[in-house]
Amino acid sequence: MEVDHVTKLGLYETMVRIRRFEEVVIELFARGKIPGFLHSYLGEEAVAAGACAHLRPDDYITSTHRGHGHILAKGARTDLAMAELFGKRTGYCHGKGGSMHIADPDIGILGAIGIVGAGLVIANGAAFSAQYRGTDQVVACFFGDGASNTGTFHEGLNLASLWQLPVIFICENNAYAESTPQREHQRIKDVAIRAQSYDMPSRIVDGNDVLAVYEAAGEAVSRARSGSGPTLIEAKTYRIRGHYEGDPQDYRTREEVDLWRERCPIRRFREVLLKDGVAEDELDAIDAQIEAELEAAIMFAEESPLPDVSEARYGIFTETAEVT
Amino acid sequence: MAEITYREAVKQALREELQNDERVFLVGEDIGRFGGTFKTSLGLLDEFGPKRVRNTPISEAAIIGLAVGAAATGLRPIAEIMYCDFATIAMDQLVNQAAKMRYMFGARLSLPLTVRIPMGGRRSAAAQHSQCLEAWFVHVPGLKVAVPSGPYDAKGLLKSAVRDPNPTLVFENKMLYNTTGEVPEEPYFVPWGQANVVRQGTDVTVLATSDMVSYALKAADTLAAEGVSVEVIDPRTLVPLDVETIVASVKKTNRLVIAHEACVTGGVGAEIAARVGHDAFEYLDAPIERVGAKDSPIPFSPVLEKFILPDDEDVIEAVRRTLR
């Protein structure tokens with residue numbers, strides 16, 4: 001697949017934005033600026049970047065508890081996301097959602113969903129809606145190897161296949177379901193083989209190779225958009241940080257983590273770009289631009305007001321019942 | 001006015017709402033050609049076609065997930081959970097997703113979805129096909145809950161539910177499907193949150209829900225012959241709950257009996273008793289009495305089931321206790 005220069009730089013920019021966002025929030029979390037808990041996407045950037053590069057603003061995604069990468073790749077703003085992580089009124093969810101629940105329906109982000117596996121069946125709903133309304137919108141549904149053992153994985157893939165819904169199921173196999181390694185949570189090595197039992201096309205890709213993800217996602221998005229139904233993509237990747245920040249990680253070795261650090265998707269892609277003749281200055285300029293963006297995002301989050309307790313119960317229900 | 005069954009009233013509501021709004025569709029198990037286990041959608045597939053009447057696999061989580069995703073993206077799903085007991089399979093989608101998405105996403109979207117849930121026993125269907133679990137959902141902020149007791153309310157509340165921009169659950173009672181009542185020929189709506197004073201009285205208030213309304217009326221007839229004047233109130237919806245009408249009645253009669261088919265412990269009667277106990281404390285001349293199923297799984301054998309489930313005799317005894 002021929003990928004043009006602008007697209008390549010876009011993929012690079014998205015990955016750097018996610019990486020730096022994650023590095024920054026890890027530090028802010030450690031400094032006590034961010035309440036709650038944090039599931040870092042660090043190391044898995046190529047999956048979100050490669051898949052979302054094919055999506056239009058009116059396409060949908062469902063995301064997970066580890067959702068920062070997905071939402072940023074789909075076009076979410078770092079300042080509004082940062083403010084949400086700070087629990088500020090100006091955040092995407094006005095401080096009601098936090099790290100695990102960032103959503104922006106205006107650009108098709110149907111939310112980071114904190115219950116593992118829940119997004120698979122909600123993605124179907126959005127895809128059904130597109131099909132029902134006769135649009136060519138598609139849905140990218142992100143989930144992990146852990147979620148592939150939930151009941152909704154089966155219910156979701158079966159129905160999507162049966163109704164030929166325009167969904168791209170993207171399994172980020174990051175080798176661990178929280179603390180449990182894949183070999184201890186399923187006998188199979190490749191989640192993708194499960195697609196066969198739904199008569200669904202599938203692909204296995206190197207999830208740390210953004211061009212490989214981009215290529216596979218492109219094929220799946222075209223299939224969905226043209227009305228030819230869902231695809232299961234398994235992206236083999238690795239969660240560099242613990243399940244959550246503060247995770248003692250006594251279930252894996254430092255050597256294993258270091259091995260995967262060597263496979264850093266951003267460094268790898270940067271090398272590819274330089275080899276292709278992209279000027280280093282051009283990449284450095286992107287890096288600098290992201291730094292500036294994140295500095296502004298932190299400042300925005302720091303300076304934003306906290307929500308007022310008078311807003312605490314706002315938004316439970318939509319108030320205007322249009323009974324006619 | 002026309003005399004129709006509760007079943008026909010439900011079907012009329014579904015038909016009228018399907019006619020009224022292209023965004024409305026039905027989704028559930030065996031609701032297509034088969035017409036639903038309780039035949040509430042019989043004929044609607046022929047009338048509206050397979051796009052609008054979606055028969056699904058046995059996948060309750062996928063059904064509600066589909067409704068959530070579709071409602072979040074512009075449609076107005078009406079889902080059916082075949083038996084109340086099966087809602088347990090979809091609890092994550094109902095409780096963690098449908099109820100919370102609007103709030104946790106900062107009120108950035110609305111979820112106009114309706115779930116119809118046939119409930120109740122008295123059919124020797126045993127422990128897994130007889131429950132009344134409405135109280136579980138009353139306990140979850142973000143869900144609206146109705147318990148229609150007759151054809152007029154079954155139609156009017158359901159039509160209002162479909163037009164409501166929020167997740168609404170309508171618990172229909174299986175034993176009521178064949179009962180009849182007067183329903184206007186022209187379209188009408190029953191607003192949620194307005195209790196119905198079914199029978200005026202002066203000595204004791206009986207607050208009854210769903211099929212317990214008919215038992216309460218029967219009890220009221222028996223007690224009237226003994227010179228006891230019973231006021232029967234049907235709250236119609238439990239969320240929102242019309243506390244005002246209930247409290248006003250208790251201030252008049254000074255006695256309250258609460259009757260529902262669900263088991264007593266943790267039932268909605270507990271919540272209503274607490275509210276009335278607070279708001280009308282000084283008006284009460286007797287402890288508030290609760291009538292419900294004896295705390296037990298519902299047994300199979302008719303003689304056992306009849307013993308466990310409440311009826312008019314239980315209401316009469318409870319009323320007498322308040323008069324002692």
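Author: Domain bounds here come from an automatic or database domain assignment, and on that basis chain B splits into domain 1 (2–183) and domain 2 (196–323). A bit of bookkeeping first. Residues are numbered from 1 along each chain as its sequence is written, while chains are lettered from A and ligands numbered from 1 in the order in which they are written. This is a predicted model, so local features need pLDDT of at least 70 and side-chain atom pairs count only at pLDDT 80 or more, whereas totals for chains, interfaces and linings use all residues.

On confidence, pLDDT is the predictor's confidence in each residue, from 0 to 100. Chain B has a mean of 98, with 100% of its residues at 70 or more. The model scores ipTM 0.97 and pTM 0.97.

Back to the two domains. Their C-alpha centres in chain B lie 26 Å apart. Where they meet, 25 residues of domain 1 of chain B are in contact with 23 residues of domain 2 of chain B; contact means C-beta atoms, placed from the backbone, within 7 Å.

Now the interior. Nonpolar side chains tend to be buried together in soluble globular proteins. A nonpolar core is a set of buried Ala, Val, Leu, Ile, Met, Phe, Trp, Tyr and Cys residues joined through C-beta atoms within 7 Å. The largest one has 194 residues, and Ile168(A), Val206(B) and Ala216(B) have the most contacts inside it. Helix α3 (residues 60–72) of chain B gives the most to this core, 10 residues, and both domain 1 and domain 2 of chain B put in at least three residues each. Leaving out residues up to four places away in sequence, Val206(B) touches Ala216(B), Ala220(B), Val230(B), Val232(B), Val257(B), Ala259(B), Val315(B) and Val319(B).

You'll find Arg290(B) in strand β14 (residues 289–293) of chain B. Arg290(B) counts as buried because 21 other C-beta atoms lie within 10 Å; the cut-offs are 20 or more for buried, 12 or fewer for exposed, and partly exposed in between, with C-beta atoms placed from the backbone. Beyond its neighbours within four places in sequence, Arg290(B) contacts Ile258(B), Val264(B), Gly269(B) and Ala273(B). Ile258(B) is 32 residues away in sequence, yet the C-alpha atoms of Arg290(B) and Ile258(B) are 4.8 Å apart.

Val239(B) and Pro240(B) are joined by a cis peptide bond, omega about -5°; Pro240(B) belongs to the loop between β12 (237–239) and α9 (243–253) of chain B. Asn254(B) is no glycine but has a positive phi of about 65°, and lies in the loop between α9 and β13 (256–263) of chain B. Ala107(B), also not a glycine, has a positive phi near 60° in the loop between α5 (101–104) and β5 (114–119) of chain B.

Definitions and conventions:
Helices (H or I, at least four residues) and strands (E, at least two) are DSSP runs, numbered from the N terminus. Two residues are in contact if their C-beta atoms, placed from the backbone, lie within 7 Å.
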